[in-house]
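This briefing is meant for a reader who has not seen the structure before. Please keep the sequence and the model at hand while reading.

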Amino acid sequence: MTTSQLINDQKPGAARRAGRPGIALAVIAACQLMVVLDATIVNIALPHIQDALEFSTTDLTWVVSAYTLTFGGLLLLGGRAGDILGRRRVFMTGILLFTFASLLGGLAQEPWQLLAARVLQGVGGAIASPTSLALITTTFPEGPERNRAFGVFAAVSAGGGAIGLLAGGMLTEWLDWRWVLFVNVPIGVLIAVLTPLYISESQRHSGRFDIAGALTSTGGMALLVYGFIRAADEGWRDNLTIGSFGVAVVLLLAFAFIESRAKEPITPLRMFADRNRSGTYVIMLSLAAAMFGMFFYIVLFVQNVLDYTPIEAGLAFLPVTVVIALGAGLSQRFLPVLGPKPFMLAGSALAVTGLAWQALISSDSSYVGGVLGPMLIFGFGMGLNFVTLTITAVSGVAQHEAGAASGLLNTTQQVGGSLGLSILTTVFGSASKDEAEKQVPHFMADGSAEQKAEFAKTHQLPAPWGHEVLAQGISSGFVAAASMAVLALATAWFVIKVRKSDLEALAGTAGPGLG
């Protein structure tokens with residue numbers, strides 16, 4: 001008997017306390033929440049991290065980028081690992097690695113130690129996140145029950161960023177910056193304990209790891225993200241920036257070539273044959289790019305212009321999680337009746353509207369008129385979209401490819417967010433520089449001698465001149481973000497189709513899938 005036959009004949013391990021899907025879903029959602037919010041929970045703590053570990057301002061960006069690059073780059077490999085080795089086993093491995101890395105990060109005494117821990121967190125997250133979404137497809141039968149599970153999962157994914165900002169503000173102000181990492185430890189341990197109790201092991205499929213595909217996709221995406229991040233700091237003409245983009249293109253083309261000929265590809269290209277699924281990936285990429293930028297720059301505005309404390313800044317984002325949950329619940333309820341296109345159109349249109357409103361932000365804007373209003377519109381649109389995108393992208397995929405499909409969906413979200421934030425940062429930097437050149441003469445004419453002496457040392461304009469510079473940069477950045485959302489809206493309009501088979505499958509009356 002061959003090794004492949006032994007793997008195929010092995011029965012999945014049953015959960016010790018099976019028959020409790022609510023608890024199983026809570027465990028899966030808790031994992032996704034922990035992984036997603038980690039991308040934002042450290043944002044508010046960054047100034048404290050910089051002081052404690054003596055990071056330079058440039059190096060400080062890697063506290064965020066080290067996690068995002070590794071997470072986005074290895075998601076496809078993590079999804080494939082779950083298909084071959086068993087999703088529960090891989091899920092637990094990712095959780096334990098993420099938990100251990102969080103502990104190391106909280107204990108870091110040197111900058112390199114924290115960065116190494118963030119990379120390791122990214123690896124753990126990339127293993128656990130796509131597997132958690134795939135576990136829903138094996139734990140819940142297709143139809144209304146799975147749709148409800150996807151609704152919870154999507155709401156957690158979409159709201160995790162805002163929750164991370166709130167939690168980061170509370171932990172930083174009440175305890176210490178290290179607790180934005182330590183908080184993952186008890187949660188991760190609890191998830192690892194509950195997983196074998198309530199989640200059954202999936203069937204292991206014979207196969208091999210597509211090493212060439214994994215290396216080219218990971219390297220290509222990482223270099224693409226790095227190129228945009230580098231461009232934000234050094235400009236588009238920087239040799240390393242240009243080189244990163246060039247090598248990224250070569251690696252991604254090589255990845256497509258390898259996948260088209262591999263017997264067991266890490267990403268089966270036939271998944272893109274379905275126009276709805278392909279359109280879903282484009283919409284996810286575009287909206288995630290806009291969303292990451294919104295969170296990042298509104299945090300800057302409320303803390304630097306409105307003078308909010310870390311906790312107040314976190315609370316400012318709490319309404320977003322509420323409207324995201326409302327949008328997710330609405331789409332989950334009516335998706336089987338209307339199909340995905342109406343929700344993608346409405347959600348994308350609302351995202352465009354909210355971002356266009358935020359592009360009007362100025363140094364005189366208030367929280368209610370300049371931040372809360374557009375943020376609620378944007379958040380509701382994202383709630384409508386995330387549930388719809390999640391279900392459309394994963395439904396209809398064969399069981400043994402569910403990990404790869406969910407990994408690709410998560411990859412588009414993470415890479416889209418990283419690329420979008422970098423593009424917006426480049427736009428922000430250019431606009432801020434132009435505005436600073438306009439404000440300096442006014443500052444030199446009206447500023448005090450003490451302010452001028454400080455400016456000579458730091459080259460940073462104080463308020464109110466500095467507020468004008470920051471607000472103008474943020475406003476320009478939101479113009480770019482709105483353009484990204486327009487791409488999502490156009491894709492929903494021209495690519496997505498409402499099909500009878502989709503409606504039947506979403507209602508649980510069709511066969512095994514949408515495809």
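The points below go from the whole protein to single residues.

This is a predicted model, in which local features need pLDDT of at least 70 and side-chain atom pairs count only at pLDDT 80 or more, while totals for chains, interfaces and linings use all residues. Residues are numbered from 1 along each chain as its sequence is written, and side-chain values use heavy atoms, with hydrogens and water left out. The protein has 20 helices and zero strands; helices (H or I, at least four residues) and strands (E, at least two) are DSSP runs, numbered from the N terminus.

**Whole protein**

- Of the 515 residues, 56% count as buried; buried means under 20% relative accessible area, exposed over 50%, and partly exposed in between (1.4 Å probe, protein chains only).
- The protein exposes about 20700 Å², and carbon and sulfur atoms supply 65% of this area; accessible areas come from the Shrake-Rupley method with a 1.4 Å probe, and for residues only the protein chains shown count as cover.
- Among contacts between residues at least 6 apart in sequence, 84% join residues at least 24 apart, where contact means heavy atoms within 4.5 Å.

- An α-helix has 3.6 residues a turn, so residues three or four places apart point the same way.

- R118 sits in helix 6 (residues 111-139) and counts as buried because its relative accessibility is 1%.
- The side chain of R118 reaches the backbone oxygen of V63 at 2.7 Å and makes a polar contact with the side chain of Q121 (2.9 Å).
- A polar contact is a pair of N or O atoms within 3.5 Å; within protein, one must be able to donate a hydrogen and the other to accept it, and residues adjacent in sequence count only if both atoms are side-chain atoms.
- Leaving aside neighbours within four places in sequence, R118 is in contact with D38, V42, V63, V64, A66, Y67 and L181.
- T172 belongs to helix 7 (residues 144-174) and, at 7% relative accessibility, counts as buried.
- A polar atom of the T172 side chain lies 2.7 Å from the backbone oxygen of G168.
- Not counting residues up to four places away in sequence, T172 touches A45, H48, W177 and V180.

**Other buried residues**

- G78 lies in helix 4, which covers residues 57-85, and G78 counts as buried at 4% relative accessibility.
- The C-alpha atoms of G78 and F91 are separated by 9.2 Å, and the two residues are 13 residues apart along the chain.
- G78 touches V90, A126, I127, P130 and T131, residues up to four places away in sequence not being counted.
- F255 is part of helix 11 (residues 239-261) and counts as buried, with 13% relative accessibility.
- From F255 to P265 there are ten residues in sequence and 9.9 Å in space, C-alpha to C-alpha.
- Beyond its neighbours within four places in sequence, F255 is in contact with L76, G213, T216, S217, I266 and T267.

**Exposed and partly exposed residues**

- L85 has its place in helix 4 and is partly exposed, with a relative accessible area of 32%.
- Together with F209, I211 and L215, L85 forms a nonpolar patch on the surface, with about 360 Å² of accessible area in total.
- Patches are made of residues with over 30% relative accessible area and no salt bridge, with like charges joined within 9 Å and nonpolar side chains (Val, Leu, Ile, Met, Phe, Trp, Tyr) within 5 Å; a salt bridge is a side-chain nitrogen of Lys or Arg within 4 Å of a carboxyl oxygen of Asp or Glu.
- S483, in helix 19 (residues 465-494), is partly exposed, with a relative accessible area of 46%.
- The side chain of S483 reaches the backbone oxygen of V479 at 3.1 Å.
- S483 and S286 are 9.0 Å apart in space, C-alpha to C-alpha, and 197 residues apart in sequence.
- D307 is found in the loop between helix 12 (275-304) and helix 13 (310-316) and is exposed, with a relative accessible area of 56%.
- Although D307 is not a glycine, it has a positive phi of about 60°.
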